[in-house]
Structures are given as structure tokens and as C-alpha cells.
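Here is a brief report on the fold, the surface and the domains of one protein. Please look over the sequence and the structure before reading on.

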Amino acid sequence: MTQRDIHRRRFLQQSGAAIAAGSLVATHATSTAAAPDNKPTADKLIAGKDARLIVHIAEPPEIETPLALLRESRITPASLLFVRSNQPMPGAETLAPLPSKDWKIQIAGPRSGPAEIALADLAKLEQVEVELVLQCSGNGRAMLSAAAPAKGAQWQAGAMGNVRFRGVPLTKVFEHFRIKPSEQARFLTAEGRDAPAKSGEPDFEHSIPLDDALARSLLALELNGEPLPAAHGGPVRLVTPGYYATMNVKWLSRLRFEAGETANYHQVGRYRTPKEPLTPGDKFTSTLDNSDANWRMRVKSTIFAPLDGEQLTPGKHKISGVAFGDGSAQIESVLVATSPAGPWQAAKIEPSDSPYAWQHWSIELDLPKGKQQIIARATDAQGRSQPLSAAADWNPAGYAYRGASTITVVVQ
Ligand SMILES: Nc1nc2c(c(=O)[nH]1)N[C@H]1C(S)=C(S)[C@@H](COP(=O)(O)O)O[C@H]1N2
Ligand SMILES: [Mo]
């Protein structure tokens, strides 16, 4: 079986659960019978991970955190944090750090300053710690697949976590090493030490706007107060608060300064959303002109309690969850309703210490007997909000889902 066949079979298996009707369900049944799901648990794939995580793909890992575990702590422990790698990285199957003694980061492109930085020198500089939401831009793809199948691992809502990264701000790196990119450089492109599974495939790399990178990015060396785990990009990773995790290149090996975004497949052919809305099921080939890169995160909320499908008794129940955006504006409201037609009631939002962290919210609702829908919708101070329909943002690869968080509970 080719890689593509395996991928397709897995895709069909996973999307079967998310798609209510149609021919995919039949395919799901047959392919399950043909290939029983015997994927190893997360702790077997990455030493230190919790066995209860959802393994979408074993290698390279695509592992999700169930909301029942994600909601247990304010800071997501590394043992529970989702993992997503596009290509294999030898030695990264663990939360332990990778050997970093001879690690260097190359600096490329028109500039003044050195051509490389030793990790040991970087680690001596002043560091800051930032609490932030780390979220794959494919998070919620399964919800988009309800409108029309969106290709890729069928992440539900848990390809995210709220963590603390500590590292050296990019501006401090520039100052200390006297790095001055040419005035033409508008983008920072980051490469990692991992390589494609097969030779000839494009290597994973990403470009982000240099102005945001200078205002926000860190060369991260720690996660939640521990040396950055190998599975999460240790010993050093580019982290840009408020950006999709997809842009946070792990195992950082090279930084380039360029006038434009890289022409690399992962930047141009993937990880972008169409500028013009599509009809679910449409074909779409992204280019730099017709689409936006998965950079700043879209405003969204996620209901943490109750959980989808939970059984409740009639009466008052606390509905709670989290909300976040790209960190450039506060979450101003989270409105909750039991029908898309309303009435909408404002949840109480707790302040957070960092503009990039998620904010907890809660509200008490009186739930009558029956099957009840609960919908939460966040809006930030710039008026950016969440569409009620998942179809609104549909794109074939299912990126940047931000639909209103919707669950169904049974009250009896
Ligand atoms: N070098 C490298 N960095 C990478 C990737 C990768 O495949 N290689 N995957 C990206 C994607 S798509 C995501 S969502 C995040 C996942 O971060 P995590 O595994 O620490 O949760 O890493 C990003 N950084
Ligand atoms: Mo991602």
C-alpha cells in the first residue's frame, strides 16, 4: 500500500465519525472491517505522553487532547499537549530534551552580523516567559468536514493547549548578535532540522511577516518551566504568540530574511485559507495571491463543560469554556444560547495574565428536559466573531476553523 493509500484509508475511517450521512459512512464500515484500528497508544509513540490521548496518525505523530483532559488544568501539561509533526525527526519520540551541545542556528540572507549562533550562547541571553495558546491550524477540521469532507487528520477541538514558553525574544537576539536584516527583508523564514520522509519531497519550512516576528517571536528553550521536550521542538523552536502553531517551526536550524514568503510547498500549496468564500465541496488550489497564510489565529471559543453528548438532569447547570484570538485585541464577549435564534446571554469572562493565553468564561443556564443544543460565540474588541455555520469557512484542507462552539446534551 502506498503512503497515499494509507493516508486515504485513515482519512475515510476518521471522517466516518464526523459525517452524518452519505457514501463515506459505507466506506467507513468496510475499511474498518478490512483494517482494524490497532494504532499504538500515545505513551508508546512518545515517551511521557498520556495513554488517553487520541492518536489520529502514528507516524509522524498527529495526537490530540480530549477536552475532558484539556479542561483539567489552567496550563496544559506536556504529557497532555497535542503533537503534530509533518515529517519524522529522529530522537523526538520523547518529552525528554534532545542533546543540544553542538546545536547551532544558521542565519541567512542579506544582513550584518554573524552567520550562525551556538545554542549555548543563545541560552545565556535574557529570557522571557509567555503564556499562550498553541493551536494547530487544522484544529476543528472534523467540524468543517460536516459541511463537506475536509482532507487531513480529523482533529476535533483538542489540537490546542494553553502553555508557557520561555525563550529569548527575537529582538534581543538581533541586538546581541548585531543582526540587521537588509531593508528589503519583510519576511522571516524558519527551517527545522527534521527532513521529509522520502527524498524529493519538500522540506517543512514557514515564513511569517518580519514585523510581527520582531514584535512577538521568541526562540523558545523551555515549555512549562522544563527544557523544551524533543517532541515539541526542543532544544529550540521559533514561537510566535498569537500565531497558529503550524508557524512555530520545531528543531530550529536556520533563519532566513527574505523580501517575500518562501515558495516552499508547505507555505504556498498548504496552510492557507481562500480569500473568497468557497461552497463546501469546491476544489481550490492555493497561491500567494488567492489566499492568506495560517498566521494570526482567528477568534474562537470552545465549550469545555458540559461535554458533547453528556447526560444531565433538568435544572441549573454551569456552562464553561475558553476563548482566545490573536492577542491583538481582548475577547470582549462570549454569548451563549440554546438555539441559533437566541436568546443570547453573556457569559462572565475571567481576565488572563497574558493577551495570548486563553480566557476562561462561564454562565449558568436553566436547562429543561429534552435534547438541548448549547452554542457559544466569542467576539473580540475589534468586532471579530465566529460564524454560526461551519460551512461559512469551509476549505478543502480544513484550515483555521472558527465556527461557534456547538454541543448537544441530553437532559432527562
Ligand atoms: N520542524 C517542524 N516544525 C513544525 C512542524 C513540523 O513538521 N516540522 N509541524 C508544525 C505544525 S503543523 C504544528 S500544528 C506544530 C505542532 O506543535 P506541537 O507538536 O509542539 O504541538 O508544529 C509545527 N512545527
Ligand atoms: Mo498544524
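## Domains

The protein is divided into two parts: domain 1 covers 3-30 + 297-411, and domain 2 covers 62-293. The model is predicted.

The centres of domain 1 and domain 2, taken over C-alpha atoms, lie 25 Å apart. The two domains touch. On one side, 40 residues of domain 1 take part in the contact.

## Secondary structure and contacts

The protein has nine helices and 26 strands.

Sequence separation in the contacts was also computed. Take the contacts between residues at least 6 apart in sequence: 70% of them join residues at least 24 apart.

## Overall dimensions

The C-alpha trace spans about 70 × 50 × 40 Å along the principal axes of the protein.

How does the radius of gyration fit a compact globule? For 412 residues, such a globule would have a value near 22 Å. The protein has 21 Å, so the two agree.

## Burial and surface

Of the 412 residues, 54% count as buried, meaning under 20% relative accessible area.

The accessible surface of the protein comes to about 17,900 Å². Carbon and sulfur atoms account for 51% of that surface.

## Charges

The protein carries 45 positive and 42 negative charges. How far apart are the mean positions of the positive and negative charges? The separation is 2 Å.

Methods. Residues numbered from 1 in each chain as written. Chains lettered and ligands numbered in written order. Predicted model: local features only at pLDDT ≥ 70, side-chain atom pairs only at ≥ 80, totals over all residues. Heavy atoms only, no water. Helix = DSSP H or I, 4+ residues; strand = E, 2+ residues; numbered from the N terminus. Rg over C-alpha atoms; globule rule 2.2 N^0.38 Å. Buried < 20%, exposed > 50% of the residue type's maximum accessible area, 1.4 Å probe, protein only. Contact = heavy atoms within 4.5 Å. Areas by Shrake-Rupley, 256 points an atom, 1.4 Å probe, with all protein chains shown as cover. Lys, Arg positive; Asp, Glu negative; His and termini not counted. Charge placed at Lys NZ, Arg CZ, Asp CG, Glu CD. Domains from an automatic or database assignment.
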